[in-house]
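Please read the points below next to the model.

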Amino acid sequence: MLNNNPFQQPGKWFRGNTHSHSTESDGRLSIADRFTAYRDEGYDFLVLTDHRKVNDVSANSTEDFLAISGSEVHPANPYGGPVYHIVAINIHEPVNCAKMHPNAVIEDIKSQGGEAVICHPYWCGHTIIDYLPLRGYFAVEVYNDTCMTNGKGFSEQSWDDMLDRCGPVYGIAADDAHGTEHDCFHGWINVKAEELTIDGIMEALRTGSFYSTIGPEIEDITIEDRQMTVKCDPAQSIVFKSECSRGRRILPQDGGLLTETTFSIPDSTKYVRVEVTDETGKKAWSNPFYF
């Protein structure tokens, strides 16, 4: 296996959201109120990503809550599709994306010690043609809550297309919070890190030490002798997704709910990611495990 298994490494789970807005761009809450709302809801960290702006958020961190600066940037798309939406996590200077190639934008984000996330591809109307030329992003939003206003919040096929054609990329569930109710506290990542610090969270993100959810919890994933075992909240299905036609959907045998199942990974498999769906239809996604 080529990447970290967060379920089998030391550390603590921290709940966070990587995409949010304040009144500094098009959000309805001030910076302080946005952070307070997430802290009061039980989150451990929040990334503020106002459009084309970087705000000083340091005053909003506390002993048990981490405020992270970021931005949402919009470089033009030279490949025929709509403009890109890219979330920059942990940057401290604005990115002048107006005349920059999208790869130069991503390079700027990384040069500041940050990481780039491709936002809501289904909502953007992007296809694999738009993403094949891009380099350096570490994740794509598999779920974006504010995009559910027009039913385009799930981008699972886009993620799978990128995994099959572009290479390794992690999946993130995010709120993209603008308001105060409909697009808040519905999508998040659980991050396994040694400590709640910028360095700790960023290292965990870079190594895929997290999973995404809009409800159900994944309790454990173990891999031994190409046997992958998943333990989770009661689920109506557990899906092991791999490249193209490979993978397996597991359903309860007795009409009840699943809390554990095992998948035998074929020798030819390049990666497997896990998708858990609970009885209400809400999902959780592991990052892909590469072999």
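How many aromatic pairs does a search of the whole structure find?

1. The search finds 15 aromatic pairs. Rings of Phe, Tyr and Trp (its six-membered ring) pair if their centres lie within 6.5 Å; planes under 30 degrees apart count as stacked, over 60 as edge-to-face and the rest as tilted. One of the pairs is Phe 7 with Trp 13, with centres 5.4 Å apart and planes at 50°, so this pair is tilted. Phe 7 is buried at a relative accessible area of 11%, while Trp 13, at 30%, is partly exposed. Here buried means under 20% relative accessible area, exposed over 50%, and partly exposed in between (1.4 Å probe, protein chains only). Phe 7 and Trp 13 form one aromatic cluster with Tyr 211.

2. The model is predicted: local features need pLDDT of at least 70 and side-chain atom pairs pLDDT 80 or more, while totals for chains, interfaces and linings use all residues. Residues are numbered from 1 along each chain as its sequence is written, and side-chain values use heavy atoms, without hydrogens and water.

3. Phe 138 and Tyr 170 make an edge-to-face pair, 6.2 Å centre to centre with 70° between the planes. Phe 138 sits in the loop between α4 (128-131) and β6 (139-144) and Tyr 170 in strand β7 (170-174), so the pair ties together parts 32 residues apart in sequence. Phe 138 is buried at 8% relative accessibility, and Tyr 170 is buried at 13%. Helices (H or I, at least four residues) and strands (E, at least two) are DSSP runs, numbered from the N terminus.

4. Helix α1 (residues 31-40) has Ile 31, Arg 34, Phe 35 and Tyr 38 buried. Seen down the axis, these residues fall within an arc of 90°, so they line one face of the helix; the arc is that of the directions from the helix axis to the C-beta atoms. They pack against β1 (12-17), β2 (45-48) and β3.

5. Asn 77 lies in the loop between β3 (66-73) and β4 (86-89) and is buried, at 12% relative accessibility. Beyond neighbours within four places in sequence, Asn 77 is in contact (heavy atoms within 4.5 Å) with residues including Tyr 84, His 126 and Asp 130.

6. The protein has six helices and 16 strands. Of its 291 residues, 56% count as buried.
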